[in-house]
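Trainee: I am new to this structure. Please take one part and walk me through it closely.

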Amino acid sequence: MKTLAYHRPKSLDEVFDLMASSEDAAYIAGGTDLLVSGGASPPTLISLRSVPELMGVDETRIGAATPVADVARHPGLAASHPVLVAAARRLGSEQIRNVATVGGNLCRAAPCADLAPPLLVLEARAEIVGRGGTREVPIDEFFAGPGETVLAPGEVLAAVRLDPPRTGAQGRFLKKGRVRMDLAIASVALLVEAEGGRCRRIRIAAGSVAPTPLRLQPVEALLEGAELTDEILEEAAALAAATVRPITDVRSTESYRRRIVGVYVKRGVAQALAGGEA
Ligand SMILES: Cc1cc2nc3c(=O)[nH]c(=O)nc-3n(C[C@H](O)[C@H](O)[C@H](O)COP(=O)(O)OP(=O)(O)OC[C@H]3O[C@@H](n4cnc5c(N)ncnc54)[C@H](O)[C@@H]3O)c2cc1C
């Protein structure tokens with residue numbers, strides 16, 4: 001049987017010392033991706049779940065080691081950033097959410113990561129820490145490809161930083177899985193500000209339809225300043241379907257994914273304008 005070294009450091013210095021002294025080590029948070037991904041697990045695991053700088057959640061900062069369940073149940077975040085809380089509530093099951101972390105969802109960099117689209121529309125920032133200090137990167141620049149991020153070797157995602165909510169912004173998160181509890185075939189998050197039926201500002205992002213979670217900037221540009229009529233929303237849906245770059249895989253086809261994204265952009269804007277839960 002293979003032996004595995006498991007460390008649970010209590011400070012960032014200890015984390016970086018352990019990483020520097022191990023040849024084949026990996027960080028582990030909840031382990032719900034790392035331990036089930038099919039590949040061989042690295043021989044040394046360094047847990048990030050006891051490091052104070054990575055803990056804690058409020059309306060401006062979510063520590064990377066925060067369980068998704070703590071986001072899903074956070075009353076302050078539900079009031080300030082409901083689109084993020086809606087996505088957290090759709091991630092996996094209660095049992096998965098209790099173990100899976102926010103940082104793990106982002107650092108795994110799966111195109112289907114449920115927390116990525118809402119964080120993209122919120123224009124959140126990744127707080128990254130390494131031996132050399134701390135840096136911040138817009139979430140839009142955090143994902144480098146499927147399973148790849150801009151984290152340098154040894155660096156840790158410490159937290160996600162959020163701006164205060166924008167007055168009048170209405171959010172929506174829509175996710176399509178094969179069954180209700182499933183990875184997304186496609187997902188859309190959006191945040192719309194409108195006045196008298198005219199769109200003042202909109203942010204739209206989609207998951208599972210490109211090598212990385214994706215902001216749909218051409219669709220935003222089409223809608224900003226426009227009257228939100230059925231016709232323009234049809235146009236937005238078609239543009240969204242044309243903008244994404246999905247693949248066919250075991251969960252869905254390329255064409256179905258395009259279709260879902262278009263439908264969700266149109267439906268999401270209509271639902272956001274109607275108000276109610278994200
Ligand atoms: C049954 C099941 C259902 C699931 N359903 C969903 C779903 O509906 N939606 C969804 O998006 N995901 C889903 N997942 C995937 C998974 O649960 C999430 O992506 C989860 O958020 C991963 O977090 P974790 O803490 O378990 O990550 P881990 O498995 O601990 O880590 C994932 C990767 O990130 C790295 N890492 C973790 N934290 C950090 C950090 N702070 N800094 C640097 N690197 C770090 C690790 O080294 C590893 O490479 C599901 C998984 C399972 C098993």
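Mentor: Start with the ligand. This is a predicted model. The ligand is surrounded by 30 residues. A29, G30, G103, G104 and N105 are the closest. The largest share is that of α6, with four residues. Sorted by class, the shell holds 19 nonpolar residues, eight polar ones and three charged ones.

Now turn to strand β12, residues 198–207. Is this strand largely enclosed or largely open? Look at burial: a residue counts as buried if 20 or more other C-beta atoms lie within 10 Å of its own. Seven of the ten residues in β12 are buried, so the rest of the structure largely encloses this strand.

Next, look at the partners of β12. One is strand β11, residues 186–195. The two strands pair in the antiparallel sense, over nine bridges. Within this pairing, L190 has I204 in β12 as its bridge partner. β11 and β12 form a hairpin, with two residues between the strands. There, G196 takes a positive phi near 55 degrees.

The other partner to look at is strand β13, residues 214–215. β12 and β13 also pair in the antiparallel sense, over two bridges. Here A205 stands opposite R215 in β13. These strands form a hairpin too, with six residues between them. S208 lies in that turn and has a positive phi of about 70 degrees.

To recap, β12 pairs with β11 over nine bridges and with β13 over two.

Definitions and conventions. Residues numbered from 1 in each chain as written. Predicted model: local features only at pLDDT ≥ 70, side-chain atom pairs only at ≥ 80, totals over all residues. Buried ≥ 20, exposed ≤ 12 C-beta atoms within 10 Å, placed from the backbone. Pairing = 2+ DSSP bridges. Near = placed C-beta within 6 Å. Nonpolar A, V, L, I, M, F, W, Y, C, P; charged D, E, K, R; others polar.
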